[in-house]
Amino acid sequence: MKRVYNFSAGPSMLPEKVLRTAADEMLDYHGSGQSVMEMSHRSKVYDGIIKETESLLREVMNIPDNYKVLFLQGGASSQFAMVPLNLMTGSGKADFVLTGQWATKAYKEAARYGEANVVASSKDKTFSYIPKLDPSTFTKDADYFHICLNNTIYGTKWNTLPETGNVPLVADISSCILSEPIDVSRFGLLYAGAQKNMGPAGLTVVIIREDLIGHAKDFTPTMFNYQTHADNDSMFNTPPCYAIYICKLVLDWIKNDIGGLEKMKEFNEKKAKILYDFLDSSKLFKGTVVPEDRSLMNIPFVTGSEELDAKFVKEAAAHDFVNIKGHRSVGGMRASVYNAMPIEGVEKLVAFMKEFEAANL
Ligand SMILES: *Cc1c(COP(=O)(O)O)cnc(C)c1O
């Protein structure tokens with residue numbers, strides 16, 4: 001059997017233990033005589049799986065009781081519409097900070113349903129930093145304030161949250177959920193596609209403060225109304241059963257093998273530091289993000305020559321470091337080092353980068 005180091009921005013690596021458990025349980029889940037893939041979502045066995053997934057997520061993320069956890073589909077991209085349909089219903093206004101492509105998509109979609117305001121943007125420097133905010137420019141009566149907490153494509157993350165007072169802070173946390181502790185009580189709503197740090201594609205998790213449920217615009221499709229899913233414990237229709245089950249295994253791994261999110265953070269910081277330290281000392285490679293806003297999960301870098309970048313990506317793949325090409329909008333390289341990437345994956349990548357540097361400088 002061969003396993004490569006997969007630096008993909010998503011779908012991404014899963015912990016080997018999770019994959020092995022899933023393989024062991026594939027044909028007969030806990031004596032049920034069925035695969036989780038085959039089970040009725042209304043069965044007692046499956047009810048146990050989804051309930052345990054939610055309780056593990058609540059425990060690992062320390063989610064307060066006045067928040068609902070929803071297991072949905074449609075990806076983080078559907079949330080770009082679902083959030084305004086459900087929340088942009090008071091003043092009909094919302095504020096956005098444009099820190100990359102996903103944040104911009106959330107803004108553009110919201111602009112179809114109400115007054116979407118851009119309070120800051122880092123587009124002027126290819127989103128290589130998190131802009132400083134001036135709270136006097138925030139919309140006082142906004143229904144929500146939207147940020148993308150970790151910018152997957154550009155490799156930046158928010159280290160200090162905007163102070164939005166009574167305006168609910170909403171964050172896309174697709175590429176940083178479960179990578180370090182988050183104070184959920186600072187937010188009105190958090191959402192994430194699962195395929196970066198939680199499990200396979202097909203599951204989208206929404207964590208929403210209860211008082212924000214129940215105010216959707218009247219033309220909101222039933223499936224796009226948070227109330228529908230909150231009232232039915234994410235069982236209004238068939239949930240993404242198997243993806244939820246894998247998410248349960250991932251959460252179990254974080255809780256019991258890693259030891260929780262503080263430990264996960266230490267592990268991720270150690271891992272990212274290996275690559276950032278090398279980038280800061282290299283004569284060939286350099287990181288593209290200002291040091292104070294660097295992501296722990298997505299690390300873009302360049303050589304300065306498109307030709308050398310392409311050569312590096314090709315040779316890296318031949319050495320089983322796969323999916324390290326940068327996003328088409330940035331070029332260069334990007335190493336996504338989510339929770340499941342082992343430290344040795346980054347150590348070996350850096351060793352390979354050193355060899356490449358020596359051969360090409
Ligand atoms: C991957 C990603 C998305 C898109 O997620 P889908 O589940 O494919 O819709 C949105 N936002 C961020 C921050 C992402 O990393």
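Student: How do the residues of the lining of the largest cavity divide into nonpolar, polar and charged?

Tutor: This is a predicted model. M13, L14, W253 and Y338 are among the residues that line its largest cavity, and its volume is about 40 Å³. By class, the lining residues divide into eight nonpolar, three polar and one charged.

Student: Where does the largest cavity lie?

Tutor: Look at which domains supply the lining. Domain 1 (16-257) gives residues to it, and domain 2 (260-360) does too. The largest cavity therefore lies between domain 1 and domain 2.

Student: How many aromatic pairs does a search of the whole structure find?

Tutor: A pair of aromatic rings is described by the distance of the centres and the angle of the planes. Searching the whole structure gives 18 aromatic pairs.

Student: Which kind of aromatic pair do F80 and Y191 form?

Tutor: Their centres are 6.3 Å apart, with 70° between the planes. Planes over 60 degrees apart count as edge-to-face. So F80 and Y191, at 70°, are edge-to-face.

Student: How many residues apart are F80 and Y191?

Tutor: F80 sits in helix α3 (residues 75-87). Y191 sits in strand β9 (residues 189-193). The pair links distant parts of the chain, 111 residues apart.

Student: Is F278 buried or exposed?

Tutor: Buried means under 20% relative accessible area. F278 has 7% relative accessibility, so F278 counts as buried.

Student: Which residue has its ring face under K125?

Tutor: K125 lies 5.8 Å from a ring centre, over the ring's face. That ring belongs to Y129.

Note on methods:
Residues are numbered from 1 along each chain as its sequence is written. This is a predicted model: local features need pLDDT of at least 70, side-chain atom pairs count only at pLDDT 80 or more; totals for chains, interfaces and linings use all residues. Side-chain values use heavy atoms; hydrogens and water are left out. On a 1 Å grid over the protein atoms alone, a cavity is a set of points where a 1.4 Å probe fits but cannot get out, and a pocket is an open set with protein on both sides within 12 Å along at least five of seven lines; lining residues have an atom within 4 Å of a point. Grid points are joined across faces, edges and corners, and a volume is the space filled by probe spheres set on the points. Ala, Val, Leu, Ile, Met, Phe, Trp, Tyr, Cys and Pro count as nonpolar, Asp, Glu, Lys and Arg as charged, and the others, Gly among them, as polar. Domain bounds come from an automatic or database domain assignment. Rings of Phe, Tyr and Trp (its six-membered ring) pair if their centres lie within 6.5 Å; planes under 30 degrees apart count as stacked, over 60 as edge-to-face and the rest as tilted. Helices (H or I, at least four residues) and strands (E, at least two) are DSSP runs, numbered from the N terminus. Buried means under 20% relative accessible area, exposed over 50%, partly exposed in between (1.4 Å probe, protein chains only). A charge sits over a ring if NZ of Lys or CZ of Arg is within 6 Å of the ring centre and within 35 degrees of the ring normal.
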